[in-house]
Every structure is written in C-alpha cells, then in structure tokens.
Amino acid sequence: MGSDTLREHWVVLEGNDRRGRTVRLRPMAESDWDILTKWNNDPRVLYYAEGGDITSRTVEEVQELYRGVSATAFCFIIEIDGQPIGECWLQKMNLDRILRERAGLDCRRIDLMIGEKHYWGQGIGTVVIRLLTEFGFSRESADMIFGCDIADYNVRSLRAFQRVGYQIVSKIEEKPGGKSKYNYDVALTKAQFADRKVD
C-alpha cells in the first residue's frame, strides 16, 4: 500500500554540467504529475528506465510508484536552467540480496530517469549521480551507495555511475527471452568516495 501523498523534503542540490549549465535537483512535488506521467508514457524512455516490458503507466500508477518510493527516499525533479528534464532519488536500500550481504551497513540506492530525450548523452546523469552521492555520504552518512539492476544495453547509465567512481559488484544473469542478458549492480563506499575527493 502506498501513501496518499508524496513524502515532502526541502533538499535542493546543484552542480554544473560540462557545458556550464546549472543542474538543479529540487524536491518532487504533488504538482509534478503531468511531467512524470508524460515521461512514464514514453516507451523509449521506459525501455531504458524499466527492467520489464512496461511501455506506459496511468496517472494512478505513476502516483502510486512515486508516493511509495518517497516513503524511504529523497525524490527529486532534475532541472536544467529551470526546465524539468527528469527525475531521480536517493532511497534506503530495498533489495534483500544486497541487505543480506551487507547487514549492519547503511546502504542506499540511486535511481534516475532523463525523461527529455534530447538531453541524453550530455553527461547530465553523471552530474546527478555525483550530487546524490555527495548528499548520501556527506549529509545522510550512508556507508555504501548502489546503482541497481542496470541492464547490459543501458551503457550510458553504467558509464555515468563509473565516471563517479562506482564499480561493478554483481553481474546478474537474466532469464532467456528478456530485454537484457545481464543486469549489473554497481557500488561505492564512503571511503572510496573520500579517496576520490582527495585526488
């Protein structure tokens, strides 16, 4: 069962992309359903964002998804120069396979979707991951942060995490006949992140 509303927060994160544009992560709000529904009804966007064969979602499904995630996550809208172009979140880890292996650690996960396709391939995902990673370690005191279930065909997403220092920790073989042959989990520890900041 999901909540009736998004869990609100007041965190705003900002950085610059390689073109010098301001990438701003502002809190996701109940007024964002139109843009979130638009992105969640673009089959090409969902091809990369979803593991299954989902090609569209109703407004109700979109609301249930994000309201549910927001209960254990900081959910953001990604903006470039004030224009919404995607969404992302930093969430408490919810996958048993990871929690079992790292019992006692504060593990989080980053998920993101660039919904406006003309912004793909411009390095924005890397900026978003870096901002959420910095926030997760510096302000949320996470021990490890993950990118989970990255499909083998989603090369852009895998590279974006790797540019921030994430390393592949699991290669999961999928059932035959699906969209991907393998999915990857990537991870970064607080110590690894601190070492990269010193370099």
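Tutor: Start with a pairing: eight bridges join β3 to strand β4, residues 83-92, and the two run antiparallel. Keep in mind that this is a predicted model.

Student: What do β3 and β4 form, and how many residues sit between them?
Tutor: A hairpin, with two residues between the strands. D81 is in the turn and has a positive phi of about 50°.

Student: Which residue in β4 stands opposite F74?
Tutor: L90.

Student: And how many bridges join β2 to β3?
Tutor: Five, and β2 and β3 run antiparallel.

Student: Is β3, residues 73-80, mostly covered or mostly open?
Tutor: Mostly covered. Eight of its eight residues are buried.

Student: Which residues go on which side of β3?
Tutor: A73, C75, I77 and E79 are on one side. F74, F76, I78 and I80 are on the other. Both faces are covered, and these residues are all buried.

Student: Why the every-other-residue pattern?
Tutor: Because side chains in a regular strand alternate between the two faces of the sheet.

Student: New topic, charge. Which residues form the positive surface patch?
Tutor: R18, R19, R159 and R163.

Student: Where does R19 lie?
Tutor: In the loop between β1 (13-16) and β2 (22-27).

Student: Is R19 buried or exposed?
Tutor: Exposed. Its relative accessible area is 56%, and the cut-off for exposed is over 50%.

Definitions and conventions:
Residues numbered from 1 in each chain as written. Predicted model: local features only at pLDDT ≥ 70, side-chain atom pairs only at ≥ 80, totals over all residues. Heavy atoms only, no water. Patch = residues over 30% accessible without salt bridge, like charges linked within 9 Å, V, L, I, M, F, W, Y side chains within 5 Å. Areas by Shrake-Rupley, 256 points an atom, 1.4 Å probe, with all protein chains shown as cover. Salt bridge = Lys/Arg side-chain N within 4 Å of Asp/Glu carboxyl O. Lys, Arg positive; Asp, Glu negative; His and termini not counted. Charge placed at Lys NZ, Arg CZ, Asp CG, Glu CD. Helix = DSSP H or I, 4+ residues; strand = E, 2+ residues; numbered from the N terminus. Buried < 20%, exposed > 50% of the residue type's maximum accessible area, 1.4 Å probe, protein only. Pairing = 2+ DSSP bridges.
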